Amino acid sequence: MANTSDLGESNPSLQNYALTASAVKLASLGLIICTSLIGNVSLSLLVLKDSTLHKAPYYFLLDLCLADIIRTTVCFPFVMISISSGSIWAYSLISCKIIAFMAVLFCFHIAFMLFCVSVTRYMAIAHHRFYSKRMTLWTCVAIICMVWTLSIAMAFPPVFDVGTYKFIREEEQCIFEHRYVKANDTLGFMLMLAVIVGTTHVVYIKMLCFVYDHRKMKPAQLIPAISQNWTFHGPGATGQAAANWIAGFGRGPTPPTLVGIRQASHNVNRRLLVLDEFKMEKRIGKMYYMITLTFLVLWAPYIITCYFRVFVKGSPIPQVYLTAAVWLTFAQAGANPIICFIFNKELRMRLRACFPCCVGTQTPMEPYCVI
């Protein structure tokens, strides 16, 4: 039987097609690497630099960015080398197992982290008092350590199993070897991944149901204000009382506290979820749900391929579909920063404030005085 080189020499059109395919793969993967590094590094620096972003949701986001940076710098260059070498692994078996271990580790890491984030988002909306009291920096550190521990526990056992982690030439990467179910060692890992992603969406659906169940607020009861010498007070009082007193219409002491107005509080231990905080938590929850949905959409074609290999013996999978599915999983590493800046207004505002040279200049407003 003729080998690939013989076929390439005997068929110039096939050889040109292979060269074109390799060039497209290298160019697309290079674009993914640049996008991932620029986006994740920028977002990480933004979270570290801006003290207003030192909150639980952004600590988790920082962890996701660092994981994507490590995956991009460690795993993707070996894929580019294997493509340039003609879809072969030019290194030792141990190094292949290490790269495969890291690829699986980061996959389970983002799945576990998104699940934990979904739980904290639900707590922030449904149990905000408990969330504000318990979700401290050390709690976030404990959650992040737990996620990494679970991810290592899921990715480490196949290292000792001969033949589980190997170089898959069709995918041009070191990863799980998904075999038929009767001789398969990876079905449990795929089922665990599917359960985690499914449970995460269930938590978001539950949070959405809670928001819609509590969206109808009790109408405010209008109570008229009480007037004594132009000093209005009571639940129905407005800022006009203070204006009248400053203008000299009021007599006597300073008007009492206007109960009808929400006073500005500087107490950092306040636990009530007001409207502005609710909108912020809802906006962050929407951002994380879009990250979760993007993870599902980009990994779904490859997961379907893995299940097809497990349950259908000798299943022929088109090479074009398999390559596209693998490259979608690579693209997930650079998708998170784009989603964050699109769906989070606060991050965009902080980006303009911290890096004004990167987002364009704004015309400064000149001071003016009233004559």
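Modeller: Start with burial: buried means under 20% relative accessible area, exposed means over 50%, and partly exposed is in between (1.4 Å probe, protein chains only). This is a predicted model, where local features need pLDDT of at least 70, side-chain atom pairs count only at pLDDT 80 or more, and totals for chains, interfaces and linings use all residues. Residues are numbered from 1 along each chain as its sequence is written, and side-chain values use heavy atoms, with hydrogens and water left out.

Colleague: Is Thr72 buried or exposed?

Modeller: Thr72 is buried, at a relative accessible area of 1%.

Colleague: Which side chain makes a polar contact with Thr72?

Modeller: A polar contact is a pair of N or O atoms within 3.5 Å; within protein, one must be able to donate a hydrogen and the other to accept it, and residues adjacent in sequence count only if both atoms are side-chain atoms. Here the side chain of Ser36 meets that of Thr72 at 2.7 Å.

Colleague: How is a pair of aromatic rings described?

Modeller: By the distance of the centres and the angle of the planes. Rings of Phe, Tyr and Trp (its six-membered ring) pair if their centres lie within 6.5 Å; planes under 30 degrees apart count as stacked, over 60 as edge-to-face and the rest as tilted. The structure holds 16 aromatic pairs. One of them, Trp89 with Phe167, is tilted, at 6.0 Å between centres and 35° between planes.

Colleague: How buried are Trp89 and Phe167?

Modeller: Trp89 has a relative accessible area of 18%, and Phe167 has 17%; Trp89 is buried, and Phe167 is buried.

Colleague: Which residues form one aromatic cluster?

Modeller: Phe78, Trp89, Tyr91 and Phe167.
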